[in-house]
Amino acid sequence: MKEEAVIRQAQEGNREAMRLLFEENKQRIFSLAYQYTKNAEDAEDILQETFIKAYRSLHRFNVQDGNSFSPWLCRIGINCSIDYLRRNKTRKEKDMIMNNIENLTSYDKNSNPENTSVQRDIREKIDQTLNKLSGQQKIIFILKHYQQLTTKEIAEYLNCSEGSVKKQLFRAVSAMKIHLKGLILENKYEMQKI
Amino acid sequence: MKCKKYEEKIILHLYGELDEKEKSELEKHINECPECSRDFAYTKKVFKALEKSKKEIPEANWEKCWSEIDAGAQKKPVPQRNFFFFTRWAYAAAALLLVFVLGAIIGRFLFPPGQQAQNEQGLSAGSIQFALQEYFEELKPVLVEYANFTSSEKGEETILMDKEVARDLLIQNILLKSIVTKTDPTLAQLLDDVDIVLKEISNLKKEDRQTPSLIKELIQEREILFKMEILQKI
């Protein structure tokens with residue numbers, strides 16, 4: 001069935017059509033929320049909030065203008081992720097400390113402990129750098145790097161120009177380059193192993 | 001000194017975002033410029049490290065999620081302005097009023113006439129309040145317009161004007177936020193919400209039919225106008 005027809009049916013309250021839209025988009029929204037929050041339970045909450053919001057305002061979605069459902073839903077997902085993190089900031093900070101403790105005490109027994117420790121440092125540095133980026137830079141970096149969208153698609157999702165997406169992406173990657181410099185250029189770290 | 005233009009192109013190239021012409025131009029430059037060549041090699045290492053650090057996305061409990069969504073979508077949205085919400089704001093308003101009154105009384109006794117308490121930026125509470133009132137007066141019509149938005153309205157010229165106004169207001173919003181962040185977290189939170197709305201308006205495109213509805217929803221969901229009204233009255 002064409003997406004347009006499915007949306008029309010969902011707008012009329014057809015639950016099967018709603019389920020179909022959920023099935024087609026669930027993975028993308030969940031992984032976006034997971035990359036943003038780094039927590040599966042939080043990502044499930046965001047996924048639910050996103051779809052509930054979308055279905056409640058589905059009557060406002062204009063199918064006639066050739067609008068695509070996925071970018072519209074993704075924008076709701078992005079807003080929900082930003083909002084969720086802001087609402088749960090204090091709890092998230094505690095979770096992050098706990099995660100760091102967990103990361104410090106757990107390691108893969110099959111791998112070289114030295115490499116594991118470097119990997120852990122790098123992962124930690126990447127997370128820290130991500131948290132230092134502005135909200136828009138962070139979301140652009142996630143959409144590009146983890147969701148592998150093109151800059152054109154990101155521009156459509158965020159309703160901004162492709163040039164602006166490229167600029168923000170450049171800034172985000174530049175920040176990563178600066179913050180990872182010490183770790184990557186350290187002699188001990190064997191790049192071919194990553 | 002690295003060539004700025006190519007620094008950006010190196011990143012886009014590694015993301016596969018360059019066309020053939022741009023790619024060969026970049027490759028030619030990298031072969032000729034030792035500094036960009038070093039930057040290219042280092043950026044590749046960063047990309048490898050980022051790739052390796054990707055965490056696997058866990059599997060969600062899709063059935064549980066769907067049943068929550070199904071139930072949530074059938075329910076009517078809970079009215080935002082409920083009793084607890086109102087009492088919370090009423091308490092906040094009462095507390096603020098009390099602080100102002102006590103401040104005024106203590107101020108009269110502690111400080112000699114003409115010498116007023118000033119905040120870190122050198123602004124008195126009175127001047128902040130005045131600036132805030134002025135700002136809300138300018139902001140309100142814009143928000144009211146979007147809060148009452150219906151799909152047939154916005155023409156190209158109106159959108160252009162809205163964008164311009166929103167950008168001006170955004171600057172005022174940032175300034176006010178920086179002043180009140182430490183002293184008044186409730187107001188700072190409201191200004192944060194306004195910030196999101198203004199950014200959405202200033203990024204509006206003429207062909208975009210969905211965003212004005214989302215802005216409308218944002219204003220209503222976060223009770224921005226209601227909160228502003230309360231703050232204006234105290």
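The model is predicted, so local features are given at pLDDT of at least 70 and side-chain atom pairs at pLDDT 80 or more, while totals for chains, interfaces and linings use all residues. Residues are numbered from 1 along each chain as its sequence is written, and chains are lettered from A in the order in which they are written. Chain A has nine helices and zero strands, and chain B has 10 helices and zero strands, where helices (H or I, at least four residues) and strands (E, at least two) are DSSP runs numbered from the N terminus.

**Chains overall**
- Of the 194 residues in chain A, 33% are buried, against 16% of the 234 residues of chain B; a residue is buried if 20 or more other C-beta atoms, placed from the backbone, lie within 10 Å of its own.
- Two residues are in contact if their C-beta atoms, placed from the backbone, lie within 7 Å; among contacts with a separation of 6 or more in chain A, 62% join residues 24 or more positions apart.
- For chain B, 67% of the contacts between residues at least 6 apart in sequence join residues at least 24 apart.

**First helices of chain B**
- Helix H1 (residues 4–14) of chain B has Lys9(B), Ile10(B) and Ile11(B) among its buried residues, and their cover includes helix H9 (162–185) of chain A together with helix H2 (20–32) and H3 of chain B.
- Just after H1(B), Gly16(B) adopts a positive phi of about 70°.
- Helix H3 (residues 34–52) of chain B, with 19 residues, reaches 27 Å from its first C-alpha to its last, close to the 27 Å expected at 1.5 Å a residue, the expected span being 1.5 Å times one less than the number of residues.
- Buried in H3(B) are Cys36(B), Phe40(B), Thr43(B), Val46(B) and Ala49(B).
- An α-helix has 3.6 residues a turn, so residues three or four places apart point the same way.

**Contact between the chains**
- The contact draws 45 residues from chain A and 35 residues from chain B.
- On the side of chain A that touches chain B, the largest share, nine residues, belongs to H3(A).
- The residues of that side of chain A divide into 24 nonpolar, 10 polar and 11 charged, with Ala, Val, Leu, Ile, Met, Phe, Trp, Tyr, Cys and Pro counted as nonpolar, Asp, Glu, Lys and Arg as charged, and the others, Gly among them, as polar.
- H3(A) and helix H4 (residues 62–74) of chain B pack at an angle of about 35° with their axes 9 Å apart, the axes being lines fitted to C-alpha atoms over the stretch in contact and the angles running from 0 to 180 degrees between N-to-C directions.
- Residues making this contact include Leu47(A), Phe51(A) and Tyr55(A) of H3(A) and Cys65(B), Ile69(B) and Ala73(B) of H4(B); by class, the contact of H3(A) with H4(B) has seven nonpolar, two polar and three charged residues.

**Nonpolar cores**
- A nonpolar core is a set of buried Ala, Val, Leu, Ile, Met, Phe, Trp, Tyr and Cys residues joined through C-beta atoms within 7 Å; in the largest, of 56 residues, Ala33(A), Leu47(A) and Ile140(A) touch the most other members.
- H2(A) gives this core its largest share, nine residues.
- A second, separate core of 18 residues includes Leu139(B), Ile201(B), Ile215(B) and Ile219(B).

Key
Buried ≥ 20, exposed ≤ 12 C-beta atoms within 10 Å, placed from the backbone.
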